[in-house]
Amino acid sequence: MRETAYVNGLKFYARKHNKFSNPQKETALKRFYRFVLPAVLLVSIAAIGGCKKKEAAPPPASTAPVATAPAPTATITATPTSISAGDQVVLSWRTTDATSVSIDGIGQVPTAGVKTVLPTVSTSYHLVAVGDGGQTDATARVTVAAPPSAVEAPTSGMSDEEAFHANVQDIFFDYDTAEIRADAQATLSKDAAYLNSHPDVRFVIGGYCDERGSNEYNLALGQNRAESVKSALVNSGVAASRIRVISYGKEKPFCSESTEECWQQNRRGGFTMDK
Amino acid sequence: MKSGISRISPRFAFFLLLFCVAPAFAQAPDWVHTGSNLGNARIRIAAADFKPANADPSTPSLKATFDATLYADLASAGIFDMVSKSLAPPATPGAPQEIRLSDWSAAPASAQMVAFGALSASGGRLVVNGWLFDTGATGTQVIARQYNEQASQEMARTVAHRFADAIITQLGGGVSGIAETKIYFVSSRSGSKEIWAMDYDGQNQRAVTHLGVISLSPRVSPDNSRIAFASLGKDGWAVRMFSLDLGRMVSFPGGTAGGNNFSPAWSGDGAKLAFSSARSGAPEIWVSDATGGGLHQITSFRKADVSPTWNPRTNSQLAFVSGRTGLPQIYTMDQDGSNVQRLTDGGYAISPSWSPNGQFLTFSWNRKYGPGAPGGQDIYVMDIASKRWLQLTHDSGSNDFPFWAPDGRHIVFERAIGGKTEIWSMLADGTEQHQLTHSGNNFMPNWSWK
């Protein structure tokens, strides 16, 4: 769900950008005569006429729109975005004004294309498009659900704590929201199943956020995330009295790179046993 | 022909704006200067090197500290046009009968005001006599002060701060100078995030708390007696109190319930504390009295409500951050939770601080937030009544947690560049930005009320 929104955002950006980049080229010369030249003349007149900031008038070349190459744009989609291990996913991407395009884990690819992939774990397909006008990127994420047979991981030989962590898995969130994603429902059901079959376990739900935004706002957002996970578990039959909720905001990040992949890891409701 | 003219004339206007008027627009508009006490005309002032009044061996170093501090305080006040030391007359007058005001009023110094005096250390005492004279035709004495303190570098700096504040208060329309104020902040330079303090100019940086846990959001009380802050314990976040009078933690029971209490804010009269608490489930704004009693909830909305700040003029309104419509925005409300108004029209707006005269908010805003439109997180000032705003920081790092100084002329904030976060200060029109911390990572500055 989140990735769709993200990619749509990029598409929107790309559309916006395309609208302006092409007409710019076609009319550059026309504009120079109609727009820049009179302007330069007028500036000279203004300067002679007593404009205080003569140095503010740049040479005409720097104001001509033809001088800069348009920035590249890129979109990538994955269909479907949520699969079981072994299923196929079709990646489809499109770029404009790019000279070199690559996708992490796949390598160099044409500037537009379609490719079938078989991810076995949840994967972010990160595309980078480089052109004369700069660089841009786009990401499509595929969530791979665990095989349905594994209701409970084997726990023999594990400590209680290890078994808890193997079976109660983190719930991940979209940017700036505490809504439980559709693709998190399966994990939540598994978490609830384990917790309901171990009624003596008391635990803490920690609300975590990515590094963007303020410490204070993220404490509140983390609180909302942890509360969302708590109410989902309570609705699945887990006693509220077993649950404590603490927001860690962006104070205890799981990873610390400024990438969407890392941010996603940090936007979560995490579990620890309460002792 | 006619259409040709009508096509060009808006462009003419545009270019006229760009090349003639734009440089004027690059400076802050009058409403900022007036509302922030910066004024629109600066007084040209000279700070003469003080005369050593005896030959005591400790006098020269104390005098050097005093001279440098006085000059820096006046230069950073935001209301003076300083006479550079290299343009000052060579004489160091130590008393009114030793000064020739015409030397100071004449070019190149061209000073309207001159501060001068004498300093000596003897028998462990530091004695400073300082004067401020108007260099106009009548040569009026404006200020005369005498200070007699223990002789130390620290006292030399303090006496300079006091003399500077006397001058700033006198010439700055009665608004008290801030040279003796403190800035509290969070620093992780010693490991965990602790509360630290420093002088307003970045001197004397020292740890206040040594709790060994994450502490955030320090807010000193208006009487400088206590610091409220949030810290993370086993049971979550609590609003806690450090007594500056006692030098230790004191209890604040109202700040602990429910496991998630943070972002405290004192009212200007010190009688109330607002903070965000999730004791009812979602983070809401709660208000208590100064001891933590009389708790009541004033917002009720499932999404995040955090970062309150009181209108220090009325102490009956608050601004705060809410995510009720999606990305966080700045709102104001009355202290009973009524009359909620949204101030920002989009983007990602956080961390409001209310100006001392009640007219403005400063806050951090990314106006073009979201994938594909990476904007900057910058400091803004908004006039609350008109919602006019001015961007104060541009193209330098990610800026957050602006906080007004009590003179209304200065703002302190945090700036992150390449994973390194430091405290900066600037004038309320965005000019004269100075970095105050240089060690480790430093966050969330809070300017003392006096």
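The expected span of a helix, as I use the term here, is 1.5 Å times one less than its number of residues. I start there because the first element I want to show, in what is a predicted model, is a helix judged against that span.

Helix α3 of chain B covers residues 59–75, and its 17 residues reach 24 Å from the first C-alpha to the last, which is close to the expected 24 Å. Its buried residues are Leu62(B), Lys63(B), Phe66(B), Thr69(B), Leu70(B), Tyr71(B), Asp73(B) and Leu74(B). As for what lies over those buried residues, the cover includes the strands β1 (43–47), β2 (51–52), β3 (80–82), β4 (113–122) and β5 (125–134), together with helix α5 (153–171), in chain B.

Let me step back to chain B as a whole, which has 5 helices and 30 strands. Its radius of gyration is 24 Å, close to the 22 Å that the globule rule gives for 450 residues, and therefore the chain is as compact as a globular protein of that length. Taken along the principal axes, the C-alpha atoms fill a box of roughly 80 × 70 × 40 Å. Of the 450 residues, 49% count as buried, and if we take the contacts with a separation of 6 or more, 47% of them come from residues 24 or more positions apart.

The domain assignment divides chain B into domain 1, which is made of 10–36 and 181–447, and domain 2, which is 43–171. The C-alpha centres of domain 1 and domain 2 of chain B lie 35 Å apart, and the contact takes 6 residues from domain 1 and 4 residues from domain 2. On the domain 1 side, the residues that touch domain 2 of chain B are 1 nonpolar, 2 polar and 3 charged.

Now to the strands, and to β19 of chain B, residues 317–322. Which strands are joined to β19(B) by bridges, and how do they run? Strand β18(B), residues 305–310, is joined to β19(B) by 4 bridges and the two run antiparallel, while 6 bridges join β19(B) to β20(B), residues 329–334, again antiparallel. Asp305(B) has Ser322(B) of β19(B) as its bridge partner, and Gln317(B) is partnered with Asp334(B) of β20(B). The hairpin of β18(B) and β19(B) has 6 residues between the strands, and there Asn315(B) takes a positive phi near 55 degrees; in the hairpin of β19(B) and β20(B), which has 6 residues between its strands, Gly326(B) takes a positive phi near 125 degrees. Because 5 of the 6 residues of β19(B) are buried, that strand is largely enclosed by the rest of the structure.

Leu427(B) has 23 other C-beta atoms within 10 Å, and so it counts as buried, the cut-off being 20 or more. Leaving aside neighbours within four places in sequence, Leu427(B) is in contact with Leu38(B), Gly78(B), Arg409(B), His410(B) and Glu432(B). Its C-alpha atom and that of Leu119(B), 308 residues apart along the chain, are separated by 31 Å.

I finish with chain A, where helix α6, residues 215–235, has 21 residues and reaches 30 Å from its first C-alpha to its last, close to the expected 30 Å. That helix α6(A) is mostly covered, with 16 of its 21 residues buried, and it is followed by Gly237(A), whose phi is positive, near 100 degrees.

Notes
Residues numbered from 1 in each chain as written. Chains lettered and ligands numbered in written order. Predicted model: local features only at pLDDT ≥ 70, side-chain atom pairs only at ≥ 80, totals over all residues. Rg over C-alpha atoms; globule rule 2.2 N^0.38 Å. Buried ≥ 20, exposed ≤ 12 C-beta atoms within 10 Å, placed from the backbone. Contact = placed C-beta atoms within 7 Å. Pairing = 2+ DSSP bridges. Domains from an automatic or database assignment. Nonpolar A, V, L, I, M, F, W, Y, C, P; charged D, E, K, R; others polar.
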